[in-house]
Amino acid sequence: MSTHQNMPFLAAFAGMVSVQTGAAFAKTLFPVVGSEGVAALRLGLSALILLFIFRPWMLLSTDISRPALLLYGVILALMNLLIYRAFAYIPVSIAISIEVVGPLIAALATSRQKSDLLWVSLAALGMFFLAAGDIEGNIDIRGVGFALAAAFFWGLYVVVGKRVSQGGGKSVTAGMLIAAIIAVPLGTAQAGTALLSPAILLTGLCVALLSSMLPFLLDMYAMRWLPPRVFGVLLSGSPAVSAIAGWFVLHEKLTLLQCGGILSVMAACAGCALFSRPRTRS
């Protein structure tokens, strides 16, 4: 396979590593500005910087659906707000393990194979292991609820992102602007002037680069050239990457049973993406 053919794979993998590393660094800001404050920094700074690079208003002259772009932006905002809320209550790796079930369910919804029951069972087993392995009581039901809600919107993100991916960076910028309009007022209400502290802004810029700008641009490129099933397989590695990032940056530890749960969820996502086939109309 040529270097050009490998680029979409490398882009998807790099985006996954970037966003999970950024998520771990984002949690370090929670004690100062809260989860909504971090979301405001991530989306607001990303939108401002992307405006200097791309010209999203040029999308008005393309065939990309304006309602799809609006929906894409709303989904980006809700994904960020909900998953950061989940991080506030449960370890990053557990939240991500729950969140990746969203793309899994989105893929299963269009499948027609009985063997997909295996992937559902593996995902359910993974959720059980994550809960059963919580011997220290680190899992808060509120965090699980927010992670499940984020999972729903991540599933929508994969579907809607494909529809607007032809716009590349312009689509990302337009979506980020819409998301920032939603998240920044909420973050400002929670954190106030703490968001303007130079140290907070600098860390927020790093989070924006790692968690939003770089991975979403890479995702747009990858989704444009990779089949959805292949992209889904690559996404299945997110829980493992988040576990490593959470351990390295936040010193979050998991039990062996919870590690098994993460592997089970990853196997479910990868198996579904590899072997499920879309339904055909009769």
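A residue counts as buried when its relative accessible area is under 20%, as exposed when over 50%, and as partly exposed in between. Keep that in mind for this tour of a predicted model.

**Stop 1: the cysteines.** Select Cys 269. Its relative accessibility is 7%, under the 20% cut-off, so Cys 269 is buried. Now select Cys 206, which at 41% counts as partly exposed. Cys 259 sits in helix H12, residues 256-275. With a relative accessible area of 32%, Cys 259 is partly exposed too.

How many disulfides does a search of the whole structure find? The search finds zero. A disulfide is a covalent bond between the sulfur atoms of two cysteines.

**Stop 2: the nonpolar core.** Select Tyr 72, Ile 83, Tyr 84, Phe 87 and Tyr 157. The largest nonpolar core has 72 residues, and these five touch the most other members. Helix H3, residues 66-87, gives this core its largest share, 13 residues. Stay on Tyr 72 and show its contacts. Leaving aside residues up to four places away in sequence, Tyr 72 touches Tyr 157, Val 160, Gly 161, Val 164, Ser 171, Val 172, Gly 175 and Met 220.

**Stop 3: helices H4 and H5.** Select residues 92-99, which form H4, and then residues 101-108, which form H5. The two axes come within 5 Å and cross at roughly 10 degrees. Angles under 35 degrees count as roughly parallel, so H4 is roughly parallel to H5. Where do they meet? Ser 97, Ile 98 and Glu 99 in H4 meet Val 101, Gly 102 and Pro 103 in H5.

**Stop 4: Ser 93.** Go back along H4 to Ser 93. Is Ser 93 buried or exposed? Ser 93 is buried, because its relative accessibility is 2%. Beyond residues up to four places away in sequence, Ser 93 touches Pro 239, Ser 242, Ala 243, Glu 252, Leu 254 and Ile 262.

**Stop 5: helix H11.** Select residues 238-250, the 13 residues of H11. At 1.5 Å a residue they should span 18 Å, and the end C-alpha atoms are 17 Å apart, so the two values agree. Colour the buried residues of H11: Ser 238, Pro 239, Val 241, Ser 242, Ala 243, Ala 245, Gly 246 and Val 249. In an α-helix there are 3.6 residues a turn, so residues three or four places apart point the same way.

Notes. Residues numbered from 1 in each chain as written. Predicted model: local features only at pLDDT ≥ 70, side-chain atom pairs only at ≥ 80, totals over all residues. Heavy atoms only, no water. Helix = DSSP H or I, 4+ residues; strand = E, 2+ residues; numbered from the N terminus. Buried < 20%, exposed > 50% of the residue type's maximum accessible area, 1.4 Å probe, protein only. Contact = heavy atoms within 4.5 Å. Expected span 1.5 Å × (residues − 1). Disulfide = S-S within 2.5 Å. Core = buried A, V, L, I, M, F, W, Y, C linked by side-chain atoms within 4.5 Å. Axes fitted to C-alpha atoms, helices over the stretch in contact; angles between N-to-C directions. Parallel < 35°, antiparallel > 145°, perpendicular 65-115°, else oblique.
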